[in-house]
Amino acid sequence: ILFDSNSQFSTINKRAKERASTNYHRYREREKTHARKKTTKEKDMRDPSSPKDDHRAGGGSNTPSAFEATYALEDEDHTLGNCLRFQLNKNPAVALAGYSVPHPMERKVNVRVQTIAPMTTDGAMRDALLDVVSVCEHVTETFEDALKTAAGKGKNKETRAART
């Protein structure tokens, strides 16, 4: 039996592309429907006497807010970005924390923070940075203690070897 790999794979690829396209369009329609339902539900639930700019994460307004911000850290990479993301996510007042590197060749990290009132993004970022500093200090102290301990053991071995 002869096996024509090109025709079989091209048929499989066509089917996969068709399925992916169909699934994508179904997904987009579901998202549009869900967004319409959510928008009408939020409008119905909103108290007319309350201000339009609510202080929840993802409020959706285009005006600058003290509860959502993106910080651009120049000359940094994934190391600091991941540390900050981890420390921010440990804070219960932080609704969302994430980071991205815009391009691998660009030494820049964007850290996105959204908080729940009354904690502001500046306060959450300050706390996270202080936590990262304290963790680094603890690691440095532990490392230096281990070096001293290892150096002390090395001297004991040298004196024992000299005695024998």
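**Note on the predicted model**

1. Leaving aside residues up to four places away in sequence, Gln87 makes contact with Ala128, Asp131, Val132 and Val135. Gln87 belongs to helix H2. The relative accessibility of Gln87 is 11%, and therefore this residue counts as buried, the limit being under 20%. The structure discussed here is a predicted model, and these contacts should be read as features of that model.

2. The confidence of the prediction deserves attention before the details are considered. The average pLDDT of the protein is 77, and 57% of the residues reach a score of at least 70. Strand E3 has the highest confidence in the protein, at 96, whereas helix H1, residues 5-45, has the lowest, with a mean of 59.

3. Two stretches call for separate mention. Residues 1-5 have a pLDDT under 50 throughout, and the model gives them one contact beyond four places in sequence. The pLDDT is also below 50 over residues 40-58, a stretch with 13 contacts in the model beyond near neighbours in sequence.

4. The sheet is open and consists of three strands in the order E1-E3-E2, with antiparallel pairing. Its edge strands are E1 (68-74) and E2 (94-100), each of which pairs on one side only. From one strand to the next, the twist averages 15 degrees. In general, the strands of a sheet pair through backbone hydrogen bonds, in a parallel or an antiparallel manner.

5. Strand E3 comprises residues 108-115, and its antiparallel pairing with E1 extends over seven bridges. Within this arrangement, Ala72 is placed opposite Asn110 of E3.

6. Where does helix H2 lie? Helix H2, residues 78-90, lies across E1, E2 and E3. Relative to E2, helix H2 runs at about 170 degrees. The buried residue Gln87 is part of this helix.

7. How many salt bridges does the structure hold? There is one salt bridge in the structure. It joins the side chains of Glu68 and Arg112, with an N to O distance of 3.6 Å. Because Glu68 lies in strand E1 and Arg112 in strand E3, the pair ties together parts that are 44 residues apart in sequence.

8. Arg112, with a relative accessible area of 29%, is partly exposed.

How values were computed. Residues are numbered from 1 along each chain as its sequence is written. This is a predicted model: local features need pLDDT of at least 70, side-chain atom pairs count only at pLDDT 80 or more; totals for chains, interfaces and linings use all residues. Side-chain values use heavy atoms; hydrogens and water are left out. Two strands pair if DSSP finds at least two bridges between them. Helices (H or I, at least four residues) and strands (E, at least two) are DSSP runs, numbered from the N terminus. Axes are lines fitted to C-alpha atoms, for helices over the stretch in contact, and angles run from 0 to 180 degrees between N-to-C directions. Contact means heavy atoms within 4.5 Å. pLDDT is the predictor's confidence in each residue, from 0 to 100. Buried means under 20% relative accessible area, exposed over 50%, partly exposed in between (1.4 Å probe, protein chains only). A salt bridge is a side-chain nitrogen of Lys or Arg within 4 Å of a carboxyl oxygen of Asp or Glu.
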